[in-house]
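The following questions and answers guide a student through one protein model. Please keep the sequence and the structure in view while reading.

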Amino acid sequence: MRIFVSGSRGMLAHSLLPMISREHDVVGVDLPELDITNYAAIESMLRVERPDVIINCAAYTAVDRAESEPELCYAVNCEAVRNLAALATSNNAELIQISTDYVYDGQKTTPYFEDDPTGPQGVYAKAKLDGEVALRQTCERHYIMRSSWLYGAGGNNFVSTMLRLAKETDRLKVVDDQTGCPTWCRELARAIALVMGSGKYGTYNACGGGQTNWFGFARQILQLSGMDPEKIQATTAKEFGLKAPRPSYSAMDCSKLERAFGWRPRPWQEALEEYLST
Ligand SMILES: NC(=O)c1ccc[n+]([C@@H]2O[C@H](COP(=O)([O-])OP(=O)(O)OC[C@H]3O[C@@H](n4cnc5c(N)ncnc54)[C@H](OP(=O)(O)O)[C@@H]3O)[C@@H](O)[C@H]2O)c1
C-alpha cells in the first residue's frame, strides 16, 4: 500500500515509520515542508502521492500551553483533521487519526470502553474530541486510535523527563491522583500497522496493559534504570498545579482491538523494561 504520514518527525512517527516501511511504500512529511492547517498544501501533496492510507501523526501536543493558545490548538487538532478527512474522502484514501484518553470524562473507576461517556476537560482534550467528531462526519473510511501516556525514542516524554530530573535532583514530586495506562510508541505503532487497510473502520482504544498513576510510573522508571525510587515523592495534581486539567482516571480497555485484530496490550511494566533496555 502507499501510505502518507503527516507529523513524520514526531515521537510516534519515529516508531511507526521504520515498522511500516518494511512492507509498504511510505512517504512522511512534517513541518516546515507540510503544515496540516494548509488545505491547499495537503491537497497538492496528495494529488502527487496518491496514498491508499493517510496516517495523521501530526498534532499540537503541548497540553498545558494549549490553555493559552486555544486557536492554534484547535486549528491543528480539529480544523486540520476535518480538512484531512475531506481530502481523504475525495482521494479515496483511508484516514487514521490518533486521539487521546483525555477525551474521557474521568469519572469511572474501571477502564473506559470506546462508547463510554466523553467529557474532555482542557483545551487540548476538547480540540482532540472535536477533531474526532469532525472526522466521523467527513470521512467514512476512518480509524480513530485513542492512546495514552506515550513514551518512546525521538521525543520528549515523561520517561525521558524523569530520567533527566532524577540525575539532577535528590527529590522529585510526582502526582499520585491521576491513573492511566503508560504506552510505548512501538506498541501503538504495532496496532496502527494492523488496522490500516483492514476495512474494520471505527474507534479503538490502544494503550499499554494494566494501569498505574504517574507516581507509580515514575518509581518504576527509576527502579528499572538502577536509580533510587525513593527519590520520588507523591503529591496531588492540585498541589502540583499544572495549567491544564486532566482526568483523574483514564485507563482504557483495549478488548475491541483484541477481538478485531488479535492485538493484545503488553503489561506496561514489561514494555517499559524493554524500552529502557534498548
Ligand atoms: N504524547 C502523548 O502522551 C500522547 C498521548 C495520547 C495521544 N497522543 C496523540 O498521539 C499523536 C502523536 O503524538 P506524539 O507524542 O508523537 O506528538 P509529537 O511528538 O508532538 O509529534 C507531533 C508532530 O506533529 C508536528 N506538527 C505540529 N503541528 C503541525 C502542523 N500544523 N502541521 C504538520 N505537523 C505539525 C510536530 O512538529 P513540531 O514538533 O515542530 O511542533 C511534531 O513533529 C498525537 O495525535 C497526540 O495527540 C499523544
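**Reading a predicted model**

Q: Is Asn 157 buried or exposed?
A: This is a predicted model, and the relative accessible area of Asn 157 in it is 6%. A residue counts as buried under 20%. Asn 157 is therefore classed as buried.

Q: Where is Asn 157 found, and which backbone oxygen does its side chain reach?
A: Asn 157 belongs to the loop between strand E6 (150-151) and helix H5 (158-168). Leaving aside neighbours within four places in sequence, Asn 157 is in contact with Met 11, Leu 150, Tyr 151 and Gly 152. At 3.1 Å, its side chain reaches the backbone oxygen of Gly 155.

Q: Which residues come nearest to the ligand?
A: There are 24 residues around the ligand. By class, this shell has 13 nonpolar, 7 polar and 4 charged residues. Those that come nearest are Leu 12, Asp 30, Thr 61, Tyr 124 and Lys 128.

Q: How far from an oxygen atom of the ligand does a polar side-chain atom of Asp 30 lie, and what percentage of the ligand does the protein bury?
A: A polar side-chain atom of Asp 30 lies 2.6 Å from an oxygen atom of the ligand. For Lys 128, a polar side-chain atom lies 2.7 Å from an oxygen atom of the ligand. Gly 10 has a polar backbone atom 3.4 Å from a ligand oxygen atom. Taken alone, the ligand exposes 900 Å², and the share of this that the protein buries is 77%.

Q: Which element gives the most residues to the shell around the ligand?
A: Helix H1 (11-21), strand E4 (94-100) and helix H4 (123-138) each supply at least two residues of this shell. The contribution of 3 residues is the one that gives the most, and it comes from E4.

Q: What span does H4 reach from its first C-alpha to its last?
A: H4 has 16 residues. At 1.5 Å a residue, the expected span is 22 Å. The model is close to this expectation, for H4 reaches 22 Å.

Q: Is Asn 213 buried or exposed?
A: Asn 213 has its place in strand E11 (residues 212-213). Its relative accessible area is 18%, and the limit for a buried residue is under 20%. Asn 213 is therefore buried.

Q: Which backbone nitrogen lies 2.7 Å from a polar atom of the side chain of Asn 213?
A: Not counting residues up to four places away in sequence, Asn 213 touches Trp 149, Val 175, Asp 176, Gln 178 and Thr 179. Its side chain also reaches the backbone nitrogen of Phe 215 at 3.1 Å. The backbone nitrogen at 2.7 Å belongs to Gly 216.

Q: What is the phi of Trp 149?
A: Trp 149 is in the loop between E5 and E6, and at 8% relative accessibility it counts as buried. Most residues other than glycine have a negative phi. Trp 149 is not a glycine, yet its phi is positive, at about 45°.

Q: Which peptide bond is cis, with omega near 0°?
A: Most peptide bonds are trans. Pro 32 lies in the loop between strand E2 (25-29) and helix H2 (39-49). The cis bond, with omega near 0°, runs from Leu 31 to Pro 32.

Notes. Residues are numbered from 1 along each chain as its sequence is written. This is a predicted model: local features need pLDDT of at least 70, side-chain atom pairs count only at pLDDT 80 or more; totals for chains, interfaces and linings use all residues. Side-chain values use heavy atoms; hydrogens and water are left out. A residue is near a molecule or strand if one of its heavy atoms lies within 4 Å of it. A polar contact is a pair of N or O atoms within 3.5 Å; within protein, one must be able to donate a hydrogen and the other to accept it, and residues adjacent in sequence count only if both atoms are side-chain atoms. Accessible areas come from the Shrake-Rupley method with a 1.4 Å probe; for residues, only the protein chains shown count as cover. Helices (H or I, at least four residues) and strands (E, at least two) are DSSP runs, numbered from the N terminus. Ala, Val, Leu, Ile, Met, Phe, Trp, Tyr, Cys and Pro count as nonpolar, Asp, Glu, Lys and Arg as charged, and the others, Gly among them, as polar. Buried means under 20% relative accessible area, exposed over 50%, partly exposed in between (1.4 Å probe, protein chains only). Contact means heavy atoms within 4.5 Å. The expected span of a helix is 1.5 Å times one less than its number of residues.
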